[in-house]
Amino acid sequence: MIHAPERQDRRKAIALAAALLLLALFPFAGAAFYTELVTKVMILAIFALSLDVLVGYTGLVSFGHAAYYGVGAYALGLLAPPYEAANLWLTLPVAVGAAALAALFVGAFVVRVKGIYFIMVTLAFAQMFYFVFHDTRFGRGSDGISMNFKPVAAIGGFTPFDLANAVHVYYFVFAALVLVFVFLRVLLRSPFGRALQGIRSNEHRMRSLGYPVYWYKLASFTVAGALAGLAGYLSALQFGFVNPELLSWHQSGNVLLMLILGGVGSLYGAVAGAFAFVALQELFSSLTTHWQLLLGGTIILLVIFLPGGLASIAGRFKRTLVGEPDDE
Amino acid sequence: MSDVVLATLGLSRRFGGLMAVSGVAIELHRGRLHAVLGPNGAGKTTLINLLSGDLAATAGNIRYRGEDITRCSADRRSRIGIGRSYQKTNIFPAFTAFENCRLAAQSRAPRPFAVFTDAARHRPVREAAERALDAAGLAARGGSVASALSHGEQRQLEIAMVLATAPEVLLLDEPLAGMGAEEAQRMVGLLRTLAPKHAILLVEHDMDAVFAVADVITVMVNGQVLESGAPAQIRASPAVRRAYLGEADE
């Protein structure tokens with residue numbers, strides 16, 4: 001019985017290694033179109049991971065997470081000079097920092113409220129951000145900003161990789177995804193991460209145990225915003241333009257759907273959800289122009305029949321085939 | 001007296017037209033177990049909620065070691081040494097019993113910036129959690145998920161979590177309710193060992209237990225203190241008999 005979790009861990013490790021290997025080798029196998037598609041999915045996976053910190057591990061259902069994704073993207077759009085390439089190593093930290101600051105500012109207000117009110121105020125703040133970029137000269141209006149040059153990764157005279165090359169971008173995003181995943185894994189095991197999960201489980205008791213819950217939630221909101229900003233930055237880097245749609249509530253809704261598809265409160269689920277969401281999107285839009293109807297229907301069915309999301313499939317299969325797990 | 005740890009003066013709480021707690025003055029001393037008795041609706045749980053900061057006082061004040069804490073938040077009160085348990089079990093149901101206590105103990109060494117360390121490996125916190133489980137009689141159940149524990153065991157866990165925060169003041173809201181005879185006996189023993197080094201406020205319906213462990217008893221009726229004194233004095237009081245103990249005799 002002591003060995004059961006270990007064996008399970010080993011299986012998980014094997015599955016993880018296989019997935020990593022597949023992603024690492026993918027650009028050699030696929031056409032350019034798919035390399036770029038998977039790059040996009042991995043960016044969305046980072047975005048979904050960042051939201052999972054809030055929804056799955058702190059119990060804060062944010063319906064305005066696209067705001068920080070957009071701030072990260074716009075940071076690159078606004079910082080990129082018109083006649084030369086921006087430097088990755090300068091703009092990336094600024095973008096992540098800007099998203100973190102935006103989240104810190106909004107979080108200071110919103111983490112005071114709970115439940116449905118939290119959903120509404122995060123949405124309201126995201127709409128404010130949307131209109132700041134949509135309706136002001138600062139944001140360049142509804143057309144957004146097209147960048148004339150891709151950022152360069154030059155350190156002094158040395159350029160380790162070329163961000164105008166889609167395969168290099170693929171590996172850069174892949175590395176970012178792995179780093180974010182590992183970082184969250186470690187963070188969620190730390191005293192801070194455990195406290196967040198306590199807040200999700202029973203905020204009232206956490207308070208009476210002496211935890212200053214407000215500050216923990218605010219820190220969580222800020223970390224999630226910073227990582228969403230990283231995803232937004234990578235998206236702007238991949239496509240070379242930004243527009244206000246990046247901050248729209250559709251985007252906030254989509255990333256929530258990815259989490260629901262994949263399984264809230266599981267890092268694997270967040271990544272799987274991003275892949276499943278885009279795969280379904282691609283599949284249905286190749287079948288019909290009314291693909292959103294099919295996508296919506298599929299998600300409803302999944303929520304009904306697989307409430308734990310894709311991340312719960314393995315456990316379900318095992319229960320069906322082997323029976324209930326032993327008492328751990 | 002110098003060993004007064006927690007004291008209230010004129011403490012009141014109004015819910016609309018109802019004075020749930022009205023002008024209560026109570027003193028908790030280190031080394032004394034102070035029991036609060038009273039019929040349902042007397043304001044006992046409200047009193048604990050006021051002391052722990054779960055509810056804000058409408059009037060009056062609370063002093064902890066001479067400092068006015070009437071306006072302090074619940075989490076701050078916990079950090080400075082006022083721990084409480086709940087009448088209705090208030091735990092982390094999806095976590096193991098050990099993790100419930102570990103998280104409670106972690107509140108004394110929160111280390112929120114140690115983001116690259118594994119919380120479960122921090123020795124002092126682990127040991128504090130294990131001691132608390134052991135004291136509450138749950139040493140063997142640490143690995144079980146809290147929601148899978150029996151009702152009585154969840155009551156024990158409730159106490160273990162307070163103990164894991166190493167409080168100076170213990171506010172215990174019906175700790176024996178729902179416990180089997182054996183566990184209740186054990187808990188009474190635990191209260192006895194805790195009493196010398198803590199200031200304890202005990203709200204409890206089990207009369208035998210209260211008279212067995214209390215050093216001081218306060219009887220509340222309709223949000224007010226009816227009488228306060230040594231157990232013998234309370235037992236002999238005609239007012240208390242009329243208002244409360246008489247009912248129990250039937």
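Modeller: Buried means under 20% relative accessible area, exposed means over 50%, and partly exposed is in between (1.4 Å probe, protein chains only). Some bookkeeping: residues are numbered from 1 along each chain as its sequence is written, chains are lettered from A and ligands numbered from 1 in the order written. This is a predicted model, where local features need pLDDT of at least 70, side-chain atom pairs count only at pLDDT 80 or more, and totals for chains, interfaces and linings use all residues; side-chain values use heavy atoms, with hydrogens and water left out.

Biologist: Fine. Why is D75(B) called buried?

Modeller: D75(B) has 10% relative accessibility, and 10% is under 20%, so D75(B) counts as buried.

Biologist: How many salt bridges does the rule find across the interface of chain A and chain B?

Modeller: It finds 2. E158(B) meets R205(A) at 2.5 Å, N to O. This pair crosses from helix α5 (residues 151-164) of chain B to helix α7 of chain A, and both E158(B) and R205(A) are buried. R194(A) also bridges to E99(B), the closest N and O atoms being 2.9 Å apart.

Biologist: What else lies between chain A and chain B?

Modeller: On the contact rule (heavy atoms within 4.5 Å), 24 residues of chain A touch 34 residues of chain B. The two chains bury about 2,300 Å² between them, 56% of it on carbon and sulfur atoms; that is the accessible area (1.4 Å probe) that two parts lose on being put together, summed over both. There are also 19 residue pairs in polar contact, both at pLDDT 80 or more. On the side of chain A that touches chain B, the elements giving two or more residues are α6 (166-189) and α7 of chain A. α7(A) gives the most, with 13 residues.

Biologist: On to the sheet in chain B. Why are β6 and β10 of chain B said to stand at the edges?

Modeller: The open sheet has 6 strands in the order β6-β7-β8-β3-β9-β10, with mixed pairing. β6 (82-84) and β10 (224-229) each have a single partner strand, so one side of each is left without a neighbour in the sheet. The twist averages 20° from one strand to the next.

Biologist: How do you know that β7 and β8 of chain B pair?

Modeller: Two strands pair if DSSP finds at least two bridges between them. β7 (residues 169-173) and β8 (residues 199-203) of chain B share 5 bridges in the parallel sense, so they qualify. L171(B) stands opposite L201(B) in β8(B).

Biologist: In which sense do β9(B) and β10(B) run?

Modeller: Antiparallel, joined by 5 bridges, with I217(B) opposite G229(B). They form a hairpin with 2 residues between them, and N222(B) in the turn has a positive phi of about 50°.

Biologist: What makes T218(B) buried?

Modeller: Its relative accessible area is 2%, which is under 20%, so T218(B) is buried. T218(B) lies in strand β9 of chain B. Leaving aside neighbours within four places in sequence, its contacts include H34(B), V36(B) and V225(B).

Biologist: Last one: why is α1(B) called largely enclosed?

Modeller: 8 of its 9 residues are buried, so α1(B) is largely enclosed by the rest of the structure. Among them are K44(B), L47(B) and L51(B). After α1(B) comes G53(B), whose phi is positive, near 90°.

Methods:
A salt bridge is a side-chain nitrogen of Lys or Arg within 4 Å of a carboxyl oxygen of Asp or Glu. Helices (H or I, at least four residues) and strands (E, at least two) are DSSP runs, numbered from the N terminus. Axes are lines fitted to C-alpha atoms, for helices over the stretch in contact, and angles run from 0 to 180 degrees between N-to-C directions. A polar contact is a pair of N or O atoms within 3.5 Å; within protein, one must be able to donate a hydrogen and the other to accept it, and residues adjacent in sequence count only if both atoms are side-chain atoms.
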